[in-house]
Amino acid sequence: MDRHSTGKWTLTIDGERFEVTDRPGERGTYDFVWLSGPDPGYGFTSAVHPAVALSVTELEESARDFLKQVDPVTGHIE
């Protein structure tokens with residue numbers, strides 16, 4: 001899916017799926033919903049300053065950083 005034309009796409013990283021949305025009017029801000037996680041709708045927001053578009057590699061790194069913080073028992077960041 002072309003992330004730039006839709007503003008929303010699915011990112012798969014390390015076997016986990018995220019719906020990533022570019023926030024309209026807030027360049028450099030992305031909302032991630034953890035689609036394969038245990039809690040529907042759970043996720044995180046990533047924002048960078050200065051406000052520049054992130055590459056797919058940078059977005060993957062954000063998702064990996066999130067997953068490293070998740071408690072495997074609860075499925076949440078504690």
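Residues are numbered from 1 along each chain as its sequence is written, and side-chain values use heavy atoms, with hydrogens and water left out.

The predictor's confidence in each residue is expressed as pLDDT, on a scale from 0 to 100. The chain has a mean pLDDT of 90, and 92% of its residues reach 70 or more. Helices (H or I, at least four residues) and strands (E, at least two) are DSSP runs, numbered from the N terminus. Among these elements, β3 has the highest mean pLDDT (97), whereas helix α1, residues 3-6, has the lowest (59). Where pLDDT is low, the predicted coordinates should not be read in detail.

The sheet is open and consists of four strands in the order β1-β2-β3-β4, with antiparallel pairing; two strands are taken to pair if DSSP finds at least two bridges between them. From one strand to the next, the twist averages 25°, where axes are lines fitted to C-alpha atoms, for helices over the stretch in contact, and angles run from 0 to 180 degrees between N-to-C directions.

Strand β2 (residues 16-22) is joined to β3 (residues 29-34) by five bridges, and F18 stands opposite W34 in β3. Six residues lie between the strands in this hairpin, where G25 takes a positive phi near 75°. Five bridges also join β3 to β4 (residues 43-47), and the two strands run antiparallel. Here V33 stands opposite G43, and D31 has T45 as its bridge partner.

The model contains three salt bridges, each defined as a side-chain nitrogen of Lys or Arg within 4 Å of a carboxyl oxygen of Asp or Glu. R23, E26 and D31 are linked in a network of such contacts. Accessibility is classed by relative accessible area: buried means under 20%, exposed over 50%, and partly exposed in between (1.4 Å probe, protein chains only). R23 is partly exposed at 30%, as are E26 at 37% and D31 at 22%.

The side chains of D14 and R64 also form a salt bridge, at 2.9 Å from N to O. This pair links distant parts of the chain, 50 residues apart: D14 lies in the loop between β1 (8-13) and β2, and R64 lies in helix α2 (residues 56-69). D14 is exposed at 54%, while R64 is partly exposed at 32%.

Helix α2 has 14 residues and reaches 20 Å from its first C-alpha to its last, close to the expected 20 Å; the expected span is 1.5 Å times one less than the number of residues. Its buried residues are L59, S62, A63, F66 and L67. Seen down the axis of α2, these buried residues fall within an arc of 135°, so they line one face of the helix; the arc is that of the directions from the helix axis to the C-beta atoms. An α-helix has 3.6 residues a turn, so residues three or four places apart point the same way.

Definitions and conventions:
Predicted model: local features only at pLDDT ≥ 70, side-chain atom pairs only at ≥ 80, totals over all residues.
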